[in-house]
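Subject: Structure handover

Hello,

Here is the structure I said I would pass on. My notes on what was found in it follow below.

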Amino acid sequence: VALSLYHQSPRAYQFCQCIFILPSITSLHRWLSNIEVRPGFPPKIFELLKDRVAGMTEGDTLCVVTFDEMSLCASLSYNITEDSVEGFEDFGSLGKTSRPANHALVFMVRGLMGKWKQPVGYFLSRD
């Protein structure tokens, strides 16, 4: 619940911290950093989505899958934790290439009746 509130409005979350006992924003960031998200459709995301819709009404669970492409600035960076270079084309379980990515294709599930959305996967590509 705390993550959902913070996601909707960080300012409202800070206000609610004055009234209720809520985790610190640092704790929320630490929890989020433990969720590993890689290109493709991570199974963990679908587990989280399943838990989220479990408490919804039947009408609020009606949804649609959308996708959109966005342009990225092609750049490479070194991930010290994994000892790897990131920023190349990455198609999840279909593999990577050695070409720097400059586009991301993002898949999202959006509620039709309820006001919610959840990214469920992405891929990095070049032109």
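Please keep in mind that this is a predicted model. I start with one residue and its partner. R38 has a relative accessibility of 32%, so it counts as partly exposed. R38 forms a salt bridge with E82, and the closest N and O atoms of the two are 1.9 Å apart. R38 is in the loop between α3 (25-33) and α4 (43-54), while E82 is in the loop between β2 (77-79) and β3 (84-86), so the pair ties together parts 44 residues apart in sequence. E82 is also partly exposed, because its relative accessibility is 38%.

E89 and R99 meet through their side chains in a salt bridge, at 3.4 Å from N to O. Here E89 belongs to strand β4 (residues 88-90) and R99 to strand β5 (residues 96-100), so this pair ties together parts that are 10 residues apart in sequence. E89 is buried at 6% relative accessibility, whereas R99 is partly exposed at 41%.

D90 forms a salt bridge with K96, with 4.0 Å between the closest N and O atoms. D90 is buried, with a relative accessible area of 11%, but K96 is exposed, with 59%.

S125 sits in strand β7 (residues 117-125). Its relative accessibility is 17%, and the limit for buried is under 20%, so S125 counts as buried. Beyond its neighbours within four places in sequence, S125 is in contact with E69, E89, F91, A101, N102 and H103.

Now for the overall picture. The protein has five helices and seven strands, and along the sequence they follow the pattern α-α-α-α-α-β-β-β-β-β-β-β. The C-alpha atoms fill a box of roughly 50 × 35 × 25 Å, taken along the principal axes. Of the 127 residues, 24% count as buried. Among contacts between residues at least 6 apart in sequence, 57% join residues at least 24 apart.

As for the surface, the protein exposes about 9,300 Å², and carbon and sulfur atoms supply 59% of that area. Its side chains include 12 positive and 13 negative ones, and the centres of the two sets lie 7 Å apart.

Regards

Key
Residues are numbered from 1 along each chain as its sequence is written. This is a predicted model: local features need pLDDT of at least 70, side-chain atom pairs count only at pLDDT 80 or more; totals for chains, interfaces and linings use all residues. Side-chain values use heavy atoms; hydrogens and water are left out. Helices (H or I, at least four residues) and strands (E, at least two) are DSSP runs, numbered from the N terminus. Buried means under 20% relative accessible area, exposed over 50%, partly exposed in between (1.4 Å probe, protein chains only). Contact means heavy atoms within 4.5 Å. Accessible areas come from the Shrake-Rupley method with a 1.4 Å probe; for residues, only the protein chains shown count as cover. Lys and Arg count as positive and Asp and Glu as negative; His and the chain ends are not counted. The place of a charge is taken as NZ of Lys, CZ of Arg, CG of Asp or CD of Glu.
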